[in-house]
Every structure is written in structure tokens, then in C-alpha cells.
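Biologist: I'm new to this one, so let's go through it in plain questions and answers. Can you put it up for us?

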Amino acid sequence: MKVLAIDTSTYTLGISLLDGEQVIGEYITNLKKNHSLRVMPAIDTLMKECEVKPADLDKIVVAKGPGSYTGVRIGVTIAKTLAWSLNIPLSGVSSLALLAASARLYPSYISPVFDARRGRVYTGLYRFEEGKLTVVDEDQNISLIDWCSRLKELKEEVLFVGQDVLLHEGSIRELLGGQALVRGDIFSAPRPADLARLGLEEPVVDLHSFVPNYIRLAEAEAKWLEQQKADN
Amino acid sequence: MKKDIYILGLETSCDETAAAIIKNGRDIIANVVSSQIESHKRFGGVVPEIASRHHVEQITLVLEETLHQADMTFSDLDAIAVTKGPGLVGSLLVGVNAAKALAFAHQLPLIGVHHIAGHIYANRLMKEFAFPLLSLVVSGGHTELVLMEEHGSFQVIGETRDDAAGEAYDKVARTLNLPYPGGPHIDRLAAQGQPVIDLPRAWLEEGSYDFSFSGLKSAVINTLHNAEQRKQAIKAEDVAASFQQSVIDVLTAKTVKAAKEYRVKQVLLAGGVAANKGLRAALEEQFAELADIELIIPPLSLCTDNAAMIAAAGTVLYEQGKFEDLAMNGYPGLDIEQ
Ligand SMILES: [Zn+2]
């Protein structure tokens, strides 16, 4: 069972190859460089190095968002097209769940964070239970202030992970004090091998209708809906 | 016997998700276009982020329908061709990355096609090219006269200095409160009116094949504004007819002049505005008198964005051995002469 996993939802570009339970290759860069140009060459390089041909693949896994709209779209387009044209199953994994998985050994709540600008974040609430990542609160786009007041109710320690957490470290400490642990270094980066493993547990998607989980509507659509409401 | 060449084309540069399979650059085996126009109507124009989202929704469906229509599998194909620019960057990236994934999965050569070269090659699906030829390209984003001496060589001898013809159509349509996309509505109204309003024609300097439509657009807006202030009734049909006449006069006159100067054998009409009935009729009338120049106008379905034209243009690049590697990107401002 050979699995190819693709993550392009943030600046981190991650590709991994799994053979059964075994990780046979991983490719990670953490650069502000063009994903569109680099993803397919990265997949090609890794697969050649591992001597796996496209026809040998049994499954594709992709990080489906949230994240950079363009980034997620590139990953999902490649994953969909590969899976469809090779006639193999595809599974999507939340990009935030993938980030949360970097805190596998942490015993309490995990809040993976991508910055969403203007004081807002993409986040969700996760927790490892008997080694299995579980969702406590669904992925969402929320103001950091509202998110922290939600977390206060838990009255338990919360670990914030992700490189974007550093942008909000001051506010988090102010709002949650000692209840928050902040991990914003490279050790809390999404790992493509984790993506492949998480993908094995996810259901197979309906290929044609599979789209990124952007969480947010396109701005023009949101405005249009608001206008409709105002007019009625 | 020479082996037949089958190329799969992909086009996602704006708001159509399209795929097609073409044999030997000339014969359409399958041609599928999924249009998003209904979705963008409410915004009065194409919204780039929404267009990109639709492309991801449609891409594999359109590909599957194309292979199904052709009754083919990837092992029957010789290469994958895709629009690499110009266009909306987010939209281009969906097609480009899908094409790269297909080329990689089936170890097929990858070809990057200029969108306008595609529009020009839509004509080759009708009639074999005879060089030199001149192509009048008119679309929402382009108004160009392109000279071709041989396959794959494009020389822009005239282009718009401000608005593209299609843009001017859309703006005038908006001023007349016509729904998006405005072009076809103006064409329809123009057929019912008379060109009685005196509007300018921008000929520019002597000998120039460039175009300019922003002055004309402003003149239409001023005419409507003045009539409103003087409480004069002015028929929208007449405004449309006068505007269209001005655009067509300039386009056809410059095309005829260039066709004679460069002694071309063929004149091709290309791009979405090529669907305009008034423009088609005017060109047909002009070239009917020039017996040694053949005028080719593709059917409406091949004027608007499609992937058959991309596969047709891609076939020439295939024959010339011009391939891309997996690092190909989308190029929103790509130049056709490069
Ligand atoms: Zn076009």
C-alpha cells in the first residue's frame, strides 16, 4: 500500500511517501517560494529517489485547508487529478489537524493556528486520545479574543502550535496567562508523514465533488450575500 | 505512414473550464466546455477568486467527460497541452497544475500554450493555414492584429493602447443598463437600431495598426449624459448601432489595410468578440471584394474560450519538440511573441 501525501496549505511545502506503515520518504521546505512551480518537481524528485512510479501508487492524501486559498487549491487540484487519472482513492485531511498532529505527545488540548489577519485566526480544538487525534471544536475562522474566551471555559492547559502563533503570542499570554503554552518554532510545523498517516484513517472522498475547505466565502460572495440581506 | 497525433488540451485561463482531444491539430475528437457565466452574472463580471474555486470543482469532471466522449484512455494520447497564460493567475494555476499532474501520472510530454495562439489556431480546426496569414484577435482582454509567416511564429503588428474592444463593449453595455456579459446584448440591439449618432473613430497616426477604444467609450457615455440633461429621448438601439459601427469600421479598415500591405493569403478572426454578428458581416463584405485573400471565421462555439484551440495550437509545439518540464507555471502577463 503506497500512499502519496501532499501539503501546500501554508509556506511549508510537504510531500511524503508511505509504504504500509513505513515512511519511505519525506520532502519539506519552509520557504516563501512559489508552490505552483515547485510541487510537481518535488513529487517527481521524491518518487524517483524512492523508486516509486506513479502507477505504483495506491492512494493520495491531501491537506484540504484551511490555509492560503491559492496554496490549498494547488494541492487539491494536483491530488484530485492524480487520484482521478490513476483511478485510486483520495482522502482529505484538515490542514489544522495536520498541524495539531505535530504535538502528538502532548496530553491536553491543542489549538493549531494559522493567521487570518485583522486579529483573526484559523483554528480548531484537538486532543490526542489513546494516540488518536480527535476533534473537540471544528475548524473555524474566529477572532483571537473570542477564541481565547472559549478556551478559558476549559479550565485546562492549551498548547498553541504553528509558526503563525508567534504573531499572536503576546495577546494569547495576556488573555489566557498560564493556561496557554505556546509553541511556534519549526518543531511545531506540519509533517507530511503525519499527513499520510492521518489520511489512512480518513474516509475516501467523492473525487469529482471534492474541494478545498476554505472556511470563508470569497469576499465578493460574502458582500453579495450581505447586500441581499440588506435589500430584503 | 505517419502516426496520428492525439493531444489533450486544457484551458482554465478565465471563467470556462475546458478540455478537448484533437487529432493531428485539425480534427476535434472531443470538446467539453463548462461555463461559469451564470455564477458570475450577479457580480457584473468575473470574480477571480470565485472563478478559481469553480475550476477546482469542475476540472476532473470535464476531463472525464472529454475522455468519455473520445472513448479514449491516457495510453491513446501523445501529449498534454495547457494554457499557461495570459489570464487570471488563480484560474491559470488550476489548469497548469492539473496538466502537470496528468503528464506526470502518465509520463506524457507537457506543452504550454499561449491563450491567444489558441484562439488563432481555433481557425485551423476549420481550414488548413496558408502563410503568410493575418489574424484579427478581439476578445474581452485583447484587440490585436497578429501576422504569422509560419506555424508557431507570431508577430503583433497592431494592438490596443487602452481598452480592448471587448472591454469597451462591456462598459458601454453597463452604461445602457444591459446585463453582463454586455457584448452579445449590444450586438443584438445594434441589429435593431440605426447608426445615426456621430461617434469618433480612433484611426491614430498614419500607418499605425494600433487601436484605441477609450475615447469612443467616453463619447458614448457623454452622448447619453447630454441627452439625459436635455431631456431628449435617445434610443438604446441607435446608441448600440452607432457604437458598434464605430468599432467595426476601425477593426475592418485596419484589417483590410494590413492584409494588403503584408500580402497575406488568409485573414482569420479570433477571440470571443469574433462571435459578434455585426463584425462578421462587415468582414465578409469587405473581403468578398478581395478574391485572393481567404477569410476564415470560426463557428461561435470555437470563438469563445475552449480547449480544442489549445490542443490545436499545442500540436504545432509538439511537432516542433517544444516541451515544458514539471516546473512550468502560470503566467498572467505572457507575451505571444516570446
Ligand atoms: Zn479567450
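Biologist: Is Cys303(B) buried or exposed?
Modeller: This is a predicted model, where local features need pLDDT of at least 70, side-chain atom pairs count only at pLDDT 80 or more, and totals for chains, interfaces and linings use all residues. Residues are numbered from 1 along each chain as its sequence is written, and side-chain values use heavy atoms, leaving out hydrogens and water. Buried means under 20% relative accessible area, exposed over 50%, and partly exposed in between (1.4 Å probe, protein chains only). Cys303(B) has a relative accessible area of 1%, so the word is buried.

Biologist: How many disulfides does the structure hold over all chains?
Modeller: A disulfide here is a pair of cysteine sulfur atoms within 2.5 Å. Take Cys303(B): the closest cysteine sulfur, in Cys14(B), is 16 Å from its own, too far for a bond. Over all chains, the number of disulfides is 0.

Biologist: Which residues coordinate the zinc ion?
Modeller: Donors are N, O and S atoms within 2.8 Å of the metal (3.2 Å for Na, K and Ca); water is not among the atoms, so sites may look incomplete. In sequence, the donor residues are spaced H-x3-H-x185-D. At 2.0 to 2.1 Å, they are His115(B) (NE2), His119(B) (NE2) and Asp305(B) (OD).

Biologist: What is the relative accessibility of Asp305(B)?
Modeller: Asp305(B) and His115(B) link distant parts of the chain, 190 residues apart. His115(B) is buried, with a relative accessible area of 7%. Asp305(B) counts as buried too, at 14%.

Conventions
Chains are lettered from A and ligands numbered from 1 in the order in which they are written. Helices (H or I, at least four residues) and strands (E, at least two) are DSSP runs, numbered from the N terminus.
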